Amino acid sequence: HLVFKTTTAAGENSPYGSNTHERLRITNVGRVYIGGQSGRSPGGLTPQLQIEGIDVGTSSMSLTRNSANSGAPSFIFNKTRGTAVNADTAVKGGDTLGIIQFVGNDGGDSDNAAAWVAAKVDDATSQTMTSNEMPGRLEFYTRSDTSSGSLQERLRIDSSGRVLIGTTTEGYVSADDLTVATTGSTGITIR
């Protein structure tokens, strides 16, 4: 491990002194832990970069862009079907491009997400995407209030701009922009 420490006392020169605190650790497998020295596996996976703290200031991340134009900072998720670093292998229809997970600790672990927002390639044929072709959709998932409840897709915005609530199938394929359905036989469609 490579460990970075700072001291809170002006006269503290020893890295092992009582006023010295670990701030960052790079593990033997290349994971970077900021604030939490042992790392975690929230949502059932162990991320390469982890920030852990005891308040909003020590457990937050910021991206700032200073430029005299309308541009903004970006947080980018990128997916390929490659099997090596730096691969340029096209994704296929239905592939998940990125997921934002919202996870809470249940007193024993942080393994279960309460909600997800997922971005996917919006093509049901599973064809390989070609140059500059990337139809996308956003899917919003939540978990029911039961111990056995799994994440369920509740809302979808597809590549045509249609909004589907409670269903993954639009009402009338070429005309409906908003479809709302329930588990029963009720629902509403707006054209």
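**Note on a predicted model: sheet, patch and loops**

1. Ala114 has a relative accessible area of 45% and is therefore partly exposed, where buried means under 20% relative accessible area, exposed over 50%, and partly exposed anything in between, with a 1.4 Å probe and protein chains only. The residue is found in strand 6; strands (E, at least two residues) and helices (H or I, at least four) are DSSP runs, numbered from the N terminus. From Ala114 to Gln101 the C-alpha to C-alpha distance is 7.8 Å, with 13 residues of separation in sequence.

2. On the basis of the model: it is predicted, so that local features need pLDDT of at least 70 and side-chain atom pairs count only at pLDDT 80 or more, while totals for chains, interfaces and linings use all residues. Residues are numbered from 1 along each chain as its sequence is written, and side-chain values use heavy atoms, with hydrogens and water left out.

3. Four strands in the order 1-2-3-4 make an open sheet with mixed pairing; two strands pair if DSSP finds at least two bridges between them. Strand 1 (2–7) and strand 4 are the edge strands, and each has a single partner strand, so one side of each is left without a neighbour in the sheet. On average, neighbouring strands of this sheet are turned by 20 degrees against each other, direction ignored; the axes are lines fitted to C-alpha atoms, for helices over the stretch in contact, and angles run from 0 to 180 degrees between N-to-C directions.

4. Most residues other than glycine have a negative phi. Asn86, in the loop between strand 4 and strand 5, has a positive phi near 70 degrees; its relative accessibility is 72%, so it counts as exposed. Asn132, in the loop between strand 6 and strand 7 (136–143), has a positive phi near 65 degrees, and at 82% relative accessibility it counts as exposed.

5. Ile34, Leu49, Ile51, Met61, Leu63, Phe75, Phe77, Ile100 and Phe102 make a nonpolar surface patch of about 860 Å². Patches are made of residues with over 30% relative accessible area and no salt bridge, like charges being joined within 9 Å and nonpolar side chains (Val, Leu, Ile, Met, Phe, Trp, Tyr) within 5 Å. A salt bridge is a side-chain nitrogen of Lys or Arg within 4 Å of a carboxyl oxygen of Asp or Glu. Strand 4 (49–51) and strand 5 (96–103) each supply at least two of the patch residues. Phe75 lies in the loop between these strands and is exposed, at 55% relative accessible area.

6. Is Ser110 buried or exposed? At 15% relative accessibility, Ser110 counts as buried. The residue sits in the loop between strand 5 and strand 6 (113–121). Its side chain makes a polar contact of 3.0 Å with that of Asn105; such a contact is a pair of N or O atoms within 3.5 Å, and within protein one must be able to donate a hydrogen and the other to accept it, residues adjacent in sequence counting only if both atoms are side-chain atoms.

Technical notes: Accessible areas come from the Shrake-Rupley method with a 1.4 Å probe; for residues, only the protein chains shown count as cover.
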